[in-house]
Amino acid sequence: MLWRKLFDHSPLFEVFSDKLRSKEYVKAVCPSLRLPKVHWVAQDATELLRLPFPAGTVLKANHGFKMNHFIRDGSLNFPKLIAMASGWLKTTFGVKDHQWGYFNVPRKLFLEQLIRPVDGLGLMDISVRCADGRPIIGSISM
């Protein structure tokens, strides 16, 4: 992965570094796959004042990770929310770790449907690592 980060500048790295573009890619490649609904997209934190925030959603920034705010009951502290989202939009993610794929991602905020566990089974993350075009290791986390 380090070699890929530093030397392999595949345009797909930029696609997969952008949560919204990743969703578009997945929908194009596998149209039958269900994805969490995106309620809206904003480019400025002050837009949050005029947008709906239904319970059971997550406010996210598209250009990095650890930029999520869960909307549980619909009661929001807009000054804090706008300050937090403004900070996200000012962040150039990936600089410290040389993750160049994030550098040119247009920074956006979006509200997404919360993924809920089905039948009490919990959420599952499936990860497959590949090398030389072949899967070499897989893991499942619950």
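A salt bridge is here a side-chain nitrogen of Lys or Arg within 4 Å of a carboxyl oxygen of Asp or Glu. The model is predicted, so local features need pLDDT of at least 70 and side-chain atom pairs count only at pLDDT 80 or more, while totals for chains, interfaces and linings use all residues. Residues are numbered from 1 along each chain as its sequence is written, and side-chain values use heavy atoms, with hydrogens and water left out.

**View 1. Lys23, Lys60 and Glu112 are linked in a network of salt bridges.** The side chains of Lys23 and Glu112 meet at 2.9 Å, N to O; this pair links helix α3 (residues 19-29) to strand β4 across 89 residues (helices, H or I of at least four residues, and strands, E of at least two, are DSSP runs numbered from the N terminus). Glu112 also forms a salt bridge with Lys60, the closest N and O atoms being 2.6 Å apart, and here strand β4 is joined with strand β2, the two residues lying 52 residues apart. Lys23 is buried at a relative accessible area of 15%, and Glu112 is buried at 6% (buried means under 20% relative accessible area, exposed over 50%, partly exposed in between, with a 1.4 Å probe and protein chains only).

**View 2. Glu47 forms a salt bridge with Arg50.** The closest N and O atoms are 3.2 Å apart, and Arg50 is exposed, with a relative accessible area of 60%.

**View 3. Strands β2 and β3 run antiparallel.** Between β2 (residues 57-61) and β3 (residues 68-71) there are 4 bridges, where pairing requires that DSSP finds at least two. Val58 stands opposite Phe70 in β3.
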